[in-house]
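Biologist: Can you take me through this model? I'd like to start with one residue and then move on.

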Amino acid sequence: MIVLDGLTKTFGRVRAITNLSLQIADGTTVAILGANGSGKSTLLKLVAGLVKPTSGSVTLEGSPPAECKSAIGYLGHEPFLYRYLSATENLNFYADLYRVDRTRVPKLLEDVGLGAKGASLVRTFSRGESQRLGLARTLLHEPRYLLLDEPFSGLDETSSERLPGLIAQNGRTVLLSTHDRPRAEQVADRLIHLTGGRAE
Amino acid sequence: MKKDPLQLTQTVLAIGFMAGLVAIFFWVPTEAFQGVSQRIVYLHAPSAWVAYLAFGVVLVCSVAYLKTSESRWDWVAHASAKVGVLFTATTLITGAMWGKPIWGAFWAWDPRLTLTLVLFLIYLGYLAFRANAGDENRGARIGAVIGIAGFMVVPLVHFSVDWWRGQHPSRTVVRPEASAALPQEMLIVLLGMFAVFTLLYLVLLALGVRVLKLEDEVMELEATFLENAVITPHITG
Amino acid sequence: MRTILALAAKDLRGESRAKQIAPVMVVFALTLVFLLTFALPPGALRAPVPLPKAGAISAREITGLLLWTSIFFAAVIGFGRSAAADREGSAGDGLLLAPVDPAALYAGKLIGNLAFLLATELVAIPLFMLFANIAPGSLLPGILPVMLVASLGMAAVGTLFGAATQYAEARSLMLPLLAFPLSLPVILGASKLTSTLLIENRFGSEARWFILMAVFDVVFLTLGAVTFEFVIEE
């Protein structure tokens, strides 16, 4: 279970998230809806542990994100890939960091539709291909908590259709942000609206 | 109105400083070898002491900040670095003024003066970084790392500037402390000035901390104000 | 350990394709070294060791500092570039998310930086000897341990503050501003040892600089490993 308790994050003069309390049950898919600047990205980064709360807390199964890194998969606006490494090398590298078997990599590349591009350098990839490879990186260690920031952006229709099948898995908790309401309704069990850093 | 203890301290400091200056110019006997220029030592040596004290405080508070993440430690470290840079500059300038008549040059590669110059550069770098850090929290954390590194390197820099001209005898003809140690008046004034400068450091530090604290509070108020003032886009579906 | 190697291999493999760091460092070091050799009187470094000709001693005294200042500035440029590779595409955030000890991230980055710096020196120093007309025997093999100890210290500082300055404004100015005064002991140490080799063909009593530089290396490696997490965190 993901528990947010009185979560507030301030960047200098700007308060991105204000006193947000939420509980997300295990095994559910939750979509966060909101306009640009409503705090969706900050919220996901807080849950991922990339950003530290100004006050309040985030816990996953009772521990802060920093203590359960292996259980978290996060895909942000950037795919977190090295441009001068190939797709396979990028995933192998992350497999080493997460201490998972490299043999999973080819299958994963197939799953995201990049089976033929394993040897290509990431710098030659299009926006959508980078996004898909980023997704593969996120799924590599089979995280129990999947955090996806605007996962549909940059994806074409076919890839978007495949995405729900890739992320859904027994018992996995998914928290995704989007401004695309129909898509959100299609994939999510629960919708949360974020306005000015507050949930409604 | 509440009496501010800082104001009282400032009054004491002002009286002490005036008394010190009077003593330096009219009471202390003129040193036999160096003449009147030796009198600047009463400002130079306490400045150097305060500079090192200030950077030591930066070190301690930086470690405390990294351990606790409490802003007050960072305020003290940051304010102390500013005061330290000020007094390092004073040390270098008074050292150069003393050096001209005694060494015949404003700058001689005296190891201690060189070490002070290196520290000046390191902590100027610290202040330049703090001014350009971008994010406040990141700036405070990295500032703490610089503050720790800056002081840890002191003994190493000391040895390297000392060894660098190993073959040549040091050009220092007279050690300021050695010459000041003799007559009693000189010792009294020197110790007095050490006390006055330490008090000056504490006052400047307290004022610096107050400014940084207020800046943080203003930022917090602005955040609250902006949040309430901005008309948030409301999307209903 | 496997993680550290994976991190270092990532940097080295990326660089072997991008060629953005080491070649630039080499060219930069060479340009500086070449310009600075104009300061040396011709033949001053060629003269046999026990009986230097007029001006030979003073030329040799400054040679070490000319060489190592050039290498240091090339190093800082390279360290900045190497740290930037983790900022671009926010790849560094990927490292922060992974269950990896920050000390391992520091060590991995350090190995990469050290490799780039040693590669630069292996090209730049022989070419410097060529320009400055230095007989190979007067610097070899003594210069090799100097390179190792000095480069480790420079890389220890450069890796820590390279990462520290990545998100600052004017980061390309901030790194040299911080790294130069902090690295002074290794720059002076390497320069003094190099000059002593040129003057006396042995280290003699100046060998004490090795101890100073080794202490410097240990201090900054420890500081880097302990504080790297504070430097890379958001």
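Biologist: Which residues does Leu85(A) touch, not counting residues up to four places away in sequence?

Modeller: Leu85(A) touches Asn90(A), Ser120(A), Leu121(A) and Val122(A), along with Lys10(C), Arg13(C), Gly14(C) and Arg17(C). Contact means heavy atoms within 4.5 Å. This is a predicted model, where local features need pLDDT of at least 70, side-chain atom pairs count only at pLDDT 80 or more, and totals for chains, interfaces and linings use all residues. Residues are numbered from 1 along each chain as its sequence is written, chains are lettered from A and ligands numbered from 1 in the order in which they are written, and side-chain values use heavy atoms, leaving out hydrogens and water.

Biologist: Is Leu85(A) buried or exposed?

Modeller: Buried, because its relative accessibility is 2%. Buried means under 20% relative accessible area, exposed over 50%, and partly exposed in between (1.4 Å probe, protein chains only).

Biologist: Where does Leu85(A) lie in chain A?

Modeller: In the loop between strand E5 (72–75) and helix H2 (87–98). Helices (H or I, at least four residues) and strands (E, at least two) are DSSP runs, numbered from the N terminus.

Biologist: Changing topic, how many disulfides are there over all chains?

Modeller: Zero, counting pairs of cysteine sulfur atoms within 2.5 Å.

Biologist: And Cys61(B), buried or exposed?

Modeller: Cys61(B) is buried, at 5% relative accessibility. Cys68(A) is buried too, at 13%.

Biologist: How many helices and strands does chain B have?

Modeller: Eight helices and zero strands. Buried residues make up 46% of its 237 residues.
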